[in-house]
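Hi,

Here is the model I promised to pass on. Have a look at it first, and then read my notes below.

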Amino acid sequence: MSGGYDPRAVANLMLDEADRLEIGVSHIILQKLLYFAHGIYLMRTKTPLVSGYFEAWQYGPVHPAAYKSFKQAGKGAITFRASGQNPLTGEPRQIETPTDPHVVDLLRQVLLTYGNMPAGRLVDLSHAKDSPWEHVVAKARTEVAFGLRIPDSVITERFRFHKVSVGLEPLSGEPIDDTPLA
């Protein structure tokens, strides 16, 4: 799939997997998990996991379509799923979630690795020096940047600066300090 999945569908699948793993996911955590899953998928397959784009917001990368669908959850754990809308009738419709076992496995790995981290720690990871988010924000200080979009080409080029891995241990083998940020 060259264009990627609907970000709301991937977010719904992430939330379903989080429920199975008994991990509560807030809106800000969902945004970071969706971004990390997208970046890892992009690095592995050279194709995007989700369609559309991420933007550099104050607390890190945000997918506008997923933001709009889940913003009503506020700071609490998300207990609902995004739905679509029939363009002709305006009626809500269910969004089909991806069934690719590689995508399901990736989302499970991302949840097991990052799902229990405090939101502040995930924001810190997403703001890593030379990361896609930091690159776009720094560029905006010196050039005109429309909407502070983070292109997939920038994610592909700079995702390695996050120092994130999917697995039980970080790539460096050093334990992660997961104390909440003040």
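**What I found**

Let me start in a loop: Asp130 sits between H5 and H6 (helices, H or I with at least four residues, and strands, E with at least two, are DSSP runs numbered from the N terminus). Its phi is near 70°, a positive value in a residue other than glycine. Asp130 has a relative accessible area of 26%, so it is partly exposed (buried is under 20%, exposed over 50%, partly exposed in between, with a 1.4 Å probe and protein chains only).

Before I go on, a word on where this comes from. This is a predicted model, in which local features need pLDDT of at least 70 and side-chain atom pairs count only at pLDDT 80 or more, while totals for chains, interfaces and linings use all residues. Residues are numbered from 1 along each chain as its sequence is written, and side-chain values use heavy atoms, with hydrogens and water left out.

Lys46 also has a positive phi, of about 65°, although it is not a glycine. You will find Lys46 in the loop between H2 and S1. Its relative accessibility is 61%, so Lys46 counts as exposed.

**Overall layout**

The chain has seven helices and five strands, and reading along the sequence gives α-α-β-β-α-β-β-α-α-α-β-α. There are 182 residues in the chain, and 44% of them count as buried. If you take contacts (heavy atoms within 4.5 Å) between residues at least 6 apart in sequence, 72% of them join residues at least 24 apart.

Nonpolar side chains in soluble globular proteins tend to be buried together. Here the largest nonpolar core has 47 residues, and Val25, Leu30, Leu33, Leu49 and Leu107 touch the most other members. (A nonpolar core is a set of buried Ala, Val, Leu, Ile, Met, Phe, Trp, Tyr and Cys residues joined through side-chain atoms within 4.5 Å.) The elements giving two or more residues to this core are helices H1 (7–20), H2, H3 (64–70), H4 (101–114), H5, H6 (132–142) and H7 (152–158), along with strand S1 (54–57). Which element gives the most to this core? That is H2, with 10 residues.

Setting aside neighbours within four places in sequence, Leu30 is in contact with Ala11, Met14, Leu15, Val25, Phe70 and Ile78.

H2 (residues 27–45) also packs against H5 (residues 119–126): their axes come within 9 Å and cross at roughly 35°. (Axes are lines fitted to C-alpha atoms, for helices over the stretch in contact, and angles run from 0 to 180 degrees between N-to-C directions.) On the H2 side the contact is made by Ile28, Ile29, Lys32 and Phe36, and on the H5 side by Ala119, Leu122, Val123, Leu125 and Ser126. By class, that is seven nonpolar residues, one polar and one charged (Ala, Val, Leu, Ile, Met, Phe, Trp, Tyr, Cys and Pro count as nonpolar, Asp, Glu, Lys and Arg as charged, and the others, Gly among them, as polar).

**Aromatic rings**

Rings of Phe, Tyr and Trp (its six-membered ring) pair if their centres lie within 6.5 Å; planes under 30 degrees apart count as stacked, over 60 as edge-to-face and the rest as tilted. By this rule there are seven aromatic pairs.

In one of them, the ring centres of Tyr35 and Phe54 are 5.5 Å apart with planes at 75°, so the pair is edge-to-face. This pair links distant parts of the chain, with Tyr35 in helix H2 and Phe54 in strand S1, 19 residues apart. Tyr35 is buried at 0% relative accessible area, and Phe54 counts as buried at 1%.

How are the rings of Phe70 and Phe80 arranged? Their centres are 5.7 Å apart and their planes are at 25°, so the pair is stacked. Phe70 lies in helix H3 and Phe80 in the loop between H3 and strand S3 (83–85), 10 residues apart. Phe70 is buried, with a relative accessible area of 0%, whereas Phe80 counts as partly exposed at 22%.

Tyr35 and Phe54 turn up again with Phe36, Tyr114 and Phe159, as these five form one aromatic cluster.

**One more loop**

Ile95 is in the loop between strand S4 (92–94) and H4, and is buried with a relative accessible area of 6%. Not counting residues up to four places away in sequence, Ile95 touches Asp6, Arg8, Ala9, Asn12, Ala82, Ser83 and Gly84.

Cheers
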